[in-house]
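This report looks at the core, the surface and the backbone of one protein model. Please keep the structure open while reading.

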Amino acid sequence: MYAVIKHGGKQYKVKVGDVLELDRIEAEPKTDIEINEVLLVKADDTKIGTPLVEGAKVVAEVINHARGKKVIIFKKRRRKDSKKKRGFRRDFTRVKIKEIVA
């Protein structure tokens, strides 16, 4: 059984036991969260939402919060003596999928 969920403008294909890095969620570690934006559930039969599956949810446990690796953005305009260097680190929450309720 798997499901396709939507979180933070991105879509994820999840199974029970998967560990995901979602955008930062304000929740304490070792607490459960529910993700109600389920687009598809595949078990014995397939349920496709229009756009969401009615009554479906995914229960996940928050493992921890962290920051990703630094991404460097470097822009240079040739022959203009113009350049810009910026960077950022993405905040994310690591979650483990506990249950898929169809």
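Does Ile-73 count as buried, partly exposed or exposed, and at what relative accessibility? The model is predicted. Ile-73 has a relative accessibility of 33%, so this residue counts as partly exposed, since the partly exposed class lies between the buried limit of under 20% and the exposed limit of over 50%. Ile-73 is part of strand β8, residues 71–77. Together with Val-71 and Phe-88, Ile-73 forms a nonpolar patch on the surface, and the accessible area of the three is about 240 Å².

In soluble globular proteins, nonpolar side chains tend to be buried together. The largest nonpolar core here has 20 residues, and Ile-5, Leu-20 and Val-58 have the most contacts inside it. Two or more residues of this core come from each of β1 (2–7), β2 (10–15), β3 (19–23), β4 (32–35), β5 (38–42), β7 (57–67) and β10 (91–101). Leaving aside residues up to four places away in sequence, Val-58 touches Ala-3, Ile-5, Ile-33, Glu-34, Ile-35, Val-38, Ile-97, Glu-99 and Ile-100.

Some backbone features lie in loops. The peptide bond from Thr-50 to Pro-51 is cis, and its omega is near 0 degrees. Pro-51 sits in the loop between β6 (46–48) and β7. In the loop between β8 and β9 (82–88) is Arg-79, and Asp-81 is also found in the loop between β8 and β9. Each has a positive phi in a residue other than glycine.

| Residue | Phi | Relative accessibility |
|---|---|---|
| Arg-79 | near 60 degrees | 68%, exposed |
| Asp-81 | near 55 degrees | 77%, exposed |

Note on methods
Residues are numbered from 1 along each chain as its sequence is written. This is a predicted model: local features need pLDDT of at least 70, side-chain atom pairs count only at pLDDT 80 or more; totals for chains, interfaces and linings use all residues. Side-chain values use heavy atoms; hydrogens and water are left out. Patches are made of residues with over 30% relative accessible area and no salt bridge: like charges are joined within 9 Å, nonpolar side chains (Val, Leu, Ile, Met, Phe, Trp, Tyr) within 5 Å. Accessible areas come from the Shrake-Rupley method with a 1.4 Å probe; for residues, only the protein chains shown count as cover. A salt bridge is a side-chain nitrogen of Lys or Arg within 4 Å of a carboxyl oxygen of Asp or Glu. Helices (H or I, at least four residues) and strands (E, at least two) are DSSP runs, numbered from the N terminus. Buried means under 20% relative accessible area, exposed over 50%, partly exposed in between (1.4 Å probe, protein chains only). A nonpolar core is a set of buried Ala, Val, Leu, Ile, Met, Phe, Trp, Tyr and Cys residues joined through side-chain atoms within 4.5 Å. Contact means heavy atoms within 4.5 Å.
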